[in-house]
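Hello,

Here is the structure for you to look through. My notes on what was found follow it.

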Amino acid sequence: MGVGIKATKKTDFKKTHTKKNILESIPDELIIDIVARVAASSSSDLFKAKLSCRTLNKFADDKYIIQRASLDDFPVVPWTPNNRKQAIFSERCADLENPEALYRRGIVGYFEKMEMSSSIDCLVRAAKSGHLEAMYVLGIIMILHGDQTKEQGMKIIVDMKTLQTKENIDIIRERFSRTLGSMWVNNTMVVGLVMPTCCTIAEHPKSSRWGKLEDSECEACSCDQEIVHLWEILPKSI
Ligand SMILES: [Zn+2]
C-alpha cells in the first residue's frame, strides 16, 4: 500500500511539472498587472507577448491592459496595409477609453474626417483622463469655434500655460504639430478661413501676438500666439 502511494505521488509530480504552464500558478491579477506594464511600455511588445503563449494571449485583451497600452510605436494615421493590425488595435484601444487612442481618434476625426461633434467628445474624454495634448487641442478648437466656447478655450490654454512648465508646453505643441503634419487637414469649416483673435485690447501691439510663444504677459495675446502657431503649421492650400 505504501509503495502504491509513493507511485501515485511520483506520477502527480511529473504531471504537474511537465504539462502545467508556470503562468497558471500565478494569480490572474498579477499577470494582468505585468502585461499592462509591458503594454504601457510598448504595444509591439504586447503583440509579441500575445504570440509567445496561450495564457498571455488570453489576458492581452483585458480592458485594464488595453486602457494603458502605449501607441508610441504606431503611426497616428496608418498609411500602409502593414499598419492595418496596428489600426485595428488603436480602434480597440479607443473603444476601451485608452486616452491616447481617444486623442488620436478625436484629432483625426476633427481635422481630417470632419466628424466634429463625435471628435470633440473623444477629446473631452481623453482630456478628462489627464491627456495634456487632448486638453491643449480642445482649448484651441474651442477658440476656433468662437462665440460661447472661445472664453472657455482661452481659459484651458491659460490654465495649462500656468500649471505646466514651458518645456512641457513646448513638447505638447510640437507633438500636436507633428500629428497634424501626418494627416490631411480637410476641415475648412473652422480652420483656415479667418484666423480668430483672442486679445481685444487695441493698444497691444500685433508683435506681441506674433512674438515668441513664451513672451506675452497678456493672457489673451498668449492664446493668440498658439493660434498663430496653428496657422503657421497648417498646409498652405487651406
Ligand atoms: Zn493682449
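**What was found**

R68 lies over the face of Y64, 3.6 Å from the ring centre; a charge sits over a ring if NZ of Lys or CZ of Arg is within 6 Å of the ring centre and within 35 degrees of the ring normal. This is a predicted model, in which local features need pLDDT of at least 70 and side-chain atom pairs count only at pLDDT 80 or more, while totals for chains, interfaces and linings use all residues. Residues are numbered from 1 along each chain as its sequence is written, and side-chain values use heavy atoms, with hydrogens and water left out.

Next, the zinc ion. Its donors are C199 (SG), H204 (ND1), C218 (SG) and C221 (SG), at 2.1 to 2.3 Å. Donors are N, O and S atoms within 2.8 Å of the metal (3.2 Å for Na, K and Ca); water is not among the atoms, so sites may look incomplete. The angles between the four donor atoms are 102 to 116°, which makes the arrangement tetrahedral (four donors, all angles between 85 and 135 degrees). Along the chain the donors follow the spacing C-x4-H-x13-C-x2-C. Both C199 and C218 are buried, meaning under 20% relative accessible area with a 1.4 Å probe, protein chains only.

Last, the aromatic rings. Rings of Phe, Tyr and Trp (its six-membered ring) pair if their centres lie within 6.5 Å; planes under 30 degrees apart count as stacked, over 60 as edge-to-face and the rest as tilted. By this rule there are six aromatic pairs. F74 and F89 form an edge-to-face pair, 6.1 Å centre to centre with 80° between the planes. F74 and F89 are buried.

Regards

Notes. Four donors count as tetrahedral if all angles lie between 85 and 135 degrees; four count as square planar and six as octahedral if opposite donors are over 155 degrees apart and all others between 65 and 115; anything else is irregular. Buried means under 20% relative accessible area, exposed over 50%, partly exposed in between (1.4 Å probe, protein chains only).
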